[in-house]
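Me: I am new to reading protein structures. Could you walk me through one, feature by feature?

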Amino acid sequence: MRRSDKTMSLANTASVKTEPSVLARLFARQELALLVCLLLVLVFFSVTVENFFSVRNMTNVLGQASLALTAGIGCAIVFISGEVDISIGSLLATIALPLIIIMNDTNSLLLGVSAALLFGLIIGVVNGYLTAYAGINSLIVTLGTMFIMRGGVYLYTGQRAIPDNASLDSFIALSDGRLFNIIPYSAVIAIVLLVAFGYMMQHRPFGRQIYAVGGNQEVARLAGYDVRRVKFICFIISSLLATVAGIILAARVGSAQHTAGLNFEFQVVAATVLGGVSLAGGIGSLTGMALGVLILQFLSNGLRGLGLPTEWQLVITGMIIIAAVAFDEAKRRRANGG
Amino acid sequence: MSELTHASAPKRFIGGQLLGSSQLVLCIILAVLCIAISIAAPQFYSEANIIAILRQCALVLIVASGMTMLIITAEVDLSVGASLAFVGCIGMAVLNSTHSLALGMLTALAFAGGVGLFNGLVVTRLRVNSLIATIGTMMMLQGGVYLFTREAVQNHNQLASFTDLGAGYVGPVPVPVILAALIFVVAYVTLRFTTLGRYLYAVGANEKAVRLSGVRSERLKLFAFVVTGLCVGVAGMILSSLMNAGQPTAGRGFELTVIAAVILGGTSLLGGRGSLFGTLLGVLVLKVIDNGIIILGWNQDLQMVVPGVVIILATYLDIIRNRANVR
């Protein structure tokens with residue numbers, strides 16, 4: 001039974017070139033190209049930088065990448081649904097406040113994290129409601145909430161950091177701890193979330209709804225999908241995942257910093273687009289996004305290893321983003337026959 | 001059919017040519033703001049304060065004039081903040097070594113125009129989405145300015161004409177305001193009364209149709225990018241004159257303020273719709289809020305919160321009004 005199904009579908013793709021299969025193959029090639037890029041980066045720096053290809057350095061980079069990976073999942077999902085969320089950088093700073101303050105008061109990691117997630121949920125609901133139900137352009141909404149949150153944090157803290165006085169072991173473990181003494185917990189969290197949401201996007205009905213809504217909103221609506229609800233939930237997912245990233249960041253710096261996450265949204269957006277997730281919606285995958293994040297993270301780590309100052313890292317990263325997207329665009333045009 | 005004509009006729013009658021869809025809302029917001037602030041703090045209406053507000057508007061308005069054209073063609077430039085800082089440093093360095101305002105200005109314009117040209121070429125030739133392309137340029141410029149100088153480039157030339165660029169007056173009006181007004185008027189006339197302007201709208205509304213009718217849409221977009229760059233060049237020199245130094249950290253978040261003002265003015269990010277008059281109102285609203293917060297003695301961090309609320313609110317009111325119009 002199963003075999004006949006398979007041969008059927010094979011025959012299908014061979015004889016009638018249905019659109020989804022062509023698209024699917026394009027995605028596959030996209031991720032392959034990204035993987036080759038990542039390997040090239042790894043090989044280049046392994047040869048040129050001492051200790052680059054060590055377990056210690058690799059896992060360190062994974063730990064550093066966990067922030068962008070976690071928030072990138074949400075960013076990619078919102079992009080795929082055809083919207084954008086640039087409020088995540090300010091969100092990182094905002095949710096650190098309830099987290100640290102409640103932990104300082106109650107000495108409970110659970111309560112602190114719950115408060116942070118509750119804040120993240122509220123922000124997601126606001127972004128999602130204003131975009132999906134009030135119908136305001138998501139770039140405007142999240143630009144607005146980005147200002148509001150950053151200003152709110154400045155107001156509340158008086159532009160001073162709030163230190164973590166509770167120093168809970170479990171909280172510190174989020175930044176220092178390693179599973180089996182190898183992989184940082186933050187990376188483990190990111191990978192688990194990535195796998196879970198990757199499964200949702202590819203194999204669950206809701207994932208398909210997101211692709212459908214981003215691909216063609218009108219068709220999705222006619223197919224009976226609740227477009228508004230799908231987008232609403234995408235924004236909540238994005239805010240909650242950025243909250244997780246914010247918790248990891250707060251653990252790493254050991255305080256609630258008013259400047260936390262400045263320009264973070266640009267880094268994540270860049271990595272996501274580098275990973276082949278289209279701003280137009282409906283195109284891309286979480287695997288691609290993850291590869292995009294890893295390429296940029298290993299690149300900056302390797303450049304630091306070469307002794308280049310951070311300024312050069314910025315310059316080179318900028319060039320690579322432009323070059324990669326340009327290359328990708330050229331390839332796509334050729335695939336579509338010009 | 002009759003409903004359609006009914007809906008559009010009164011709009012043309014009330015709104016006329018000047019007040020488009022969202023401008024009316026903005027005018028009301030601006031009026032309410034001015035009245036509320038001057039009731040709470042009468043010094044708001046002093047001549048000195050009004051001139052101060054205008055001066056603060058100048059920088060944003062100059063760049064927003066170019067940005068409005070760019071957004072009307074359905075593209076965006078996020079690199080203007082980073083470019084602003086870089087231009088200030090380079091311009092100041094050239095002034096210091098040559099003691100010539102003309103050379104400094106030329107270098108600044110050439111550099112900023114070059115950045116615009118680069119952005120435009122990447123977007124039109126390489127087909128990179130402008131949001132991403134200009135994030136890339138922003139990173140390159142942010143890194144580049146620190147490679148150029150690690151600290152502020154101090155003003156060693158003390159040219160009177162350069163100081164006047166930021167701090168000078170013609171009669172009671174500050175020089176930056178005059179420059180901003182000039183640039184605004186030129187941009188306004190271009191967009192409103194020339195074929196070029198009409199093509200810019202057309203490209204944003206339907207690029208394919210424009211291309212099929214034989215106009216080179218890429219050239220038009222390239223033009224808008226370069227104009228935005230040149231505006232940044234002027235603004236960068238004014239800023240470095242005001243600060244009496246080229247600051248590599250200047251212009252942080254400037255791109256967002258400019259874009260916020262343009263969007264607030266009713267220009268659609270999807271392209272093809274918007275006006276410079278709206279942008280002017282947008283800039284005024286944002287800067288009157290800034291000024292009001294200072295005059296009322298409120299915490300200055302509110303200067304970030306309130307504009308955020310206003311952008312969302314104004315856009316929402318616009319949507320509600322449009323819905324009512326359709327009905």
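Me: What percentage of the 327 residues in chain B are buried?
Reply: Start with the kind of model: this one is predicted. Burial is judged by counting neighbours: a residue is buried if 20 or more other C-beta atoms lie within 10 Å of its own. In chain B, 51% of the 327 residues are buried.

Me: How do I read a helix pair, and at what angle do α3(B) and α11(B) pack?
Reply: Take the angle between the helix directions. Over 145 degrees counts as roughly antiparallel. Helices α3(B) and α11(B) pack at about 175 degrees, with axes 8 Å apart. They are therefore roughly antiparallel. Among the residues that meet are B:Leu59 and B:Ile62 of α3(B), and B:Phe225 and B:Val232 of α11(B). By class, this contact has 15 nonpolar, three polar and no charged residues.

Me: Now the interface. How many residues of chain B are in contact with chain A?
Reply: Interface size is often given as the accessible area lost when the parts come together. Here, count residues instead: 35 of chain B are in contact with 35 of chain A. Helix α6(B) gives the most to chain B's side, with 13 residues. That side divides into 24 nonpolar, nine polar and two charged residues.

Methods. Residues are numbered from 1 along each chain as its sequence is written. Chains are lettered from A and ligands numbered from 1 in the order in which they are written. This is a predicted model: local features need pLDDT of at least 70, side-chain atom pairs count only at pLDDT 80 or more; totals for chains, interfaces and linings use all residues. A residue is buried if 20 or more other C-beta atoms lie within 10 Å of its own, exposed if 12 or fewer, and partly exposed in between; C-beta atoms are placed from the backbone. Two residues are in contact if their C-beta atoms, placed from the backbone, lie within 7 Å. Helices (H or I, at least four residues) and strands (E, at least two) are DSSP runs, numbered from the N terminus. Ala, Val, Leu, Ile, Met, Phe, Trp, Tyr, Cys and Pro count as nonpolar, Asp, Glu, Lys and Arg as charged, and the others, Gly among them, as polar. Axes are lines fitted to C-alpha atoms, for helices over the stretch in contact, and angles run from 0 to 180 degrees between N-to-C directions. Angles under 35 degrees count as roughly parallel, over 145 as roughly antiparallel, 65 to 115 as roughly perpendicular and the rest as oblique.
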